[in-house]
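Please prepare a briefing on the structure shown below.

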Amino acid sequence: MGLQEHRSEIESIDEQIIRLIHRRIGISKKIFEAKRAEGKPISDPEREKRVLSRATDLATELNLDSGAVKGIFETLIRMSVTKQHELQGKDQG
């Protein structure tokens, strides 16, 4: 397999990652609706800690840079929280 084939494989993986992020944000909308129905706040620091812990544990298990993976998941959590705040704003508008 040559350079171009490897690059094509990376591009395919990148597309899958982006589609998974889109899917994750879609689920965040459902989580927002459930939180609203249960009267729970958008931010859940304990849940965020558990998500980060699972991500860094798996990264360590797979011999990946756990700090970098933690940063990625912090970004994903921030994206989800931002989306939920946007949805909250639409409900109040």
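The points below are grouped by topic, after a short note on the basis of the values.

This is a predicted model, in which local features need pLDDT of at least 70 and side-chain atom pairs count only at pLDDT 80 or more, while totals for chains, interfaces and linings use all residues. Residues are numbered from 1 along each chain as its sequence is written, and side-chain values use heavy atoms, with hydrogens and water left out.

**Helix α1**

- Helices are DSSP runs (H or I, at least four residues), numbered from the N terminus.
- Helix α1 has 36 residues and reaches 52 Å from its first C-alpha to its last. This is close to the 52 Å expected at 1.5 Å a residue, where the expected span is 1.5 Å times one less than the number of residues.
- The buried residues of α1 are Ile-25, Ser-28, Phe-32 and Lys-35. Buried means under 20% relative accessible area, exposed means over 50%, and partly exposed is in between (1.4 Å probe, protein chains only).
- After α1 comes Gly-39, which has a positive phi, near 70°.

- Ser-28 lies in helix α1, residues 3-38, and it counts as buried because its relative accessibility is 4%.
- Not counting residues up to four places away in sequence, Ser-28 touches Ser-80 and Gln-84; contact means heavy atoms within 4.5 Å.
- Ser-80 is placed in helix α3 and is buried, at 8% relative accessible area. With residues up to four places away in sequence not counted, Ser-80 touches Arg-24, Ile-25 and Ser-28.
- Gln-84 also lies in helix α3 and is buried, with a relative accessible area of 4%.
- The contacts of Gln-84, not counting residues up to four places away in sequence, are Ser-28, Ile-31, Phe-32, Lys-35 and Ile-42.
- Gln-84 and Ile-42 are 42 residues apart along the chain, and their C-alpha atoms are separated by 6.8 Å.

**Nonpolar core**

- The largest nonpolar core has 7 residues: Phe-32, Ile-42, Val-51, Leu-52, Ile-77, Val-81 and Leu-87. The elements that give two or more residues to this core are α2 (45-61) and α3 (66-92), and α3 gives the most, with 3 residues.
- A nonpolar core is a set of buried Ala, Val, Leu, Ile, Met, Phe, Trp, Tyr and Cys residues joined through side-chain atoms within 4.5 Å.
- In soluble globular proteins, nonpolar side chains tend to be buried together.
- Leaving aside neighbours within four places in sequence, Phe-32 is in contact with Ile-42, Gln-84, Leu-87, Gln-88 and Asp-91.

**Salt bridges**

- A search of the whole structure finds 4 salt bridges, each defined as a side-chain nitrogen of Lys or Arg within 4 Å of a carboxyl oxygen of Asp or Glu.
- Side chains of opposite charge can pair when their charged atoms come close.
- One of the bridges joins the side chains of Glu-15 and Arg-19, at 3.0 Å from N to O. Both residues lie in helix α1, 4 residues apart, about one turn of the helix. Glu-15 is partly exposed at 44% relative accessible area, whereas Arg-19 is exposed at 57%.
- Lys-49 and Glu-46 meet through their side chains in another salt bridge, at 3.5 Å from N to O. About one helical turn separates Lys-49 and Glu-46, because they are 3 residues apart in helix α2. Lys-49 counts as exposed at 53% relative accessibility, and Glu-46 as partly exposed at 47%.
- Glu-86 forms a salt bridge with Lys-83, with the closest N and O atoms 3.3 Å apart. These two residues, Glu-86 and Lys-83, are 3 residues apart in helix α3, so about one helical turn separates them. Glu-86 is partly exposed at 39% relative accessible area, and Lys-83 is partly exposed at 22%.
- An α-helix has 3.6 residues a turn, so residues three or four places apart point the same way.

**Nonpolar surface patch**

- Ile-10, Ile-13 and Ile-17 make a nonpolar surface patch of about 260 Å².
- Patches are made of residues with over 30% relative accessible area and no salt bridge; like charges are joined within 9 Å, and nonpolar side chains (Val, Leu, Ile, Met, Phe, Trp, Tyr) within 5 Å. Accessible areas come from the Shrake-Rupley method with a 1.4 Å probe, and for residues only the protein chains shown count as cover.
- Ile-17 is placed in helix α1 and counts as partly exposed, at 44% relative accessibility.
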